[in-house]
Structure formats: structure tokens, C-alpha cells
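This report describes selected features of one protein model. The sequence and the structure are shown first, and the discussion follows.

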Amino acid sequence: MTQFPSEHDILSSNNGTVILTSHRVSMNEKEFGRSYNITIFLEDLSSVEAKYHANVSLMIIACIAAIFFIFTLVGARTDINNSVQIISAILAIIFFLAYWFSRQHIVSISSNGGRSLNFRINGSYDEQVEHFIDKVLLAKAQRTSDLYQHLMSQTQNPPPL
């Protein structure tokens, strides 16, 4: 990404996929057969949202399988119960692991009337997501202040005609 004069990097996330600079936030994803690039200038930023998403239905299925497992433990010992016990234990573990790996933090940065920049923060915890959002908001506040100061200096000292 070519930077503007006086622009500098502030933060990078997701192995350089999302870059926050003093003027903009940009996401550039390239995968086999697919390329996606979106840039939002900080002065056009309207909201930053952090979502935590997990597939709860997988956890419900894991709990149901665990309940079957418990019932077969306290039930009469038969060949059918033993096989149901083994199957329900395996299903409980599989669905719990599927739930565990479905959890993700998603950050959405929206512009005024434009598209949103949505990305997953890989392997992050709440404090890392909060740190990223704080950096974006501080950069927006600084950019807005710089633009306001520039505008005020232009109105006090208008260029000659």
C-alpha cells in the first residue's frame, strides 16, 4: 500500500491483512482465485463494532449427547447400552470441539454510507480486540483534529486570488 505524505502506520492485524494508518484503515485479502481490498478513510469512519460469535447449537447437541451418555451410565448394562454409551460420548466430544472451534471475534468498521470492513481477529482475546478498537478510535480522533486545525488555518489565512 502506497502511503500519502505525512501518513504513517499505527497498527497491523491478521498478519498484515488489516492495516491502520494515520489516515485510513485498509484490508487486503488475497487467496487462491480471490482478491478483496477495502479502504476507509478515518474521517469517514462512522462506527466500530466488536462481535463475539459462536455456534451455540453445536453446544446444545453436545449437551444432549452428554445427557444420553450419563443415562446409559446409570442404566442397565446391555450390549445396546454400551454401544449407545460409546457413541454418545464420542458425539459429545466431537460437537463440543466443533463448538469450541466455531468461536470467533469479528470486528466491523463502518463508513458513512459505504460498505463495512469486516474481519476476524485470529487467536485474539477480549483485551486484544479492545486494544485494536481503541487504536482505531484514537487515530480517528487525531485525524479529525488535524483536519479541523488545517481547515481553521485555511479560513484564517485564505490563499490569495
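The model is predicted. On its surface, Ile93, Phe96, Leu97, Trp100 and Phe101 make up a nonpolar patch, whose members together have about 550 Å² of accessible area. One of these residues, Ile93, lies in helix 2, which covers residues 79–102. Ile93 has a relative accessibility of 53%, and it counts as exposed because the cut-off for that class is over 50%.

| Residue | Relative accessible area | Class |
|---|---|---|
| Ile93 | 53% | exposed |
| Ser6 | 65% | exposed |
| Ser108 | 5% | buried |
| Phe119 | 5% | buried |

Ser6 belongs to the segment before strand 1. Its backbone deserves attention: Ser6 is not a glycine, yet its phi is positive, at about 65 degrees. Most residues other than glycine have a negative phi.

The two buried residues of the table come next. Ser108 is part of strand 6, which runs through residues 104–111. Ser108 counts as buried because its relative accessible area is 5% and the class requires under 20%. The side chain of Ser108 makes a polar contact of 2.6 Å with the side chain of Asn118. Beyond its neighbours within four places in sequence, Ser108 also contacts other residues, among them Ser47, Val48, Glu49 and Lys51, as well as Ser116 and Leu117.

Phe119 is located in strand 7. With residues up to four places away in sequence left out, the residues that Phe119 touches include Ser13, Asn14, Val18 and Met27, together with His105, Ile106, Val107 and Ile109. Phe132 is also touched by Phe119. Phe119 and Thr17 are separated by 102 residues in sequence, while their C-alpha atoms are 9.2 Å apart in space.

How far apart are the end C-alpha atoms of helix 3? The helix comprises 31 residues, 126–156, and at 1.5 Å a residue it should span 45 Å; the end C-alpha atoms are 45 Å apart, so the two values agree.

Within helix 3, the residues Val129, Phe132, Ile133, Val136, Ala139 and Arg143 are buried. The cover over the buried residues of this helix includes strand 1 (9–13), strand 2 (18–21) and strand 5 (45–53), and also strand 6 and strand 7 (116–121).

Methods
Residues are numbered from 1 along each chain as its sequence is written. This is a predicted model: local features need pLDDT of at least 70, side-chain atom pairs count only at pLDDT 80 or more; totals for chains, interfaces and linings use all residues. Side-chain values use heavy atoms; hydrogens and water are left out. Patches are made of residues with over 30% relative accessible area and no salt bridge: like charges are joined within 9 Å, nonpolar side chains (Val, Leu, Ile, Met, Phe, Trp, Tyr) within 5 Å. Accessible areas come from the Shrake-Rupley method with a 1.4 Å probe; for residues, only the protein chains shown count as cover. A salt bridge is a side-chain nitrogen of Lys or Arg within 4 Å of a carboxyl oxygen of Asp or Glu. Helices (H or I, at least four residues) and strands (E, at least two) are DSSP runs, numbered from the N terminus. Buried means under 20% relative accessible area, exposed over 50%, partly exposed in between (1.4 Å probe, protein chains only). A polar contact is a pair of N or O atoms within 3.5 Å; within protein, one must be able to donate a hydrogen and the other to accept it, and residues adjacent in sequence count only if both atoms are side-chain atoms. Contact means heavy atoms within 4.5 Å. The expected span of a helix is 1.5 Å times one less than its number of residues.
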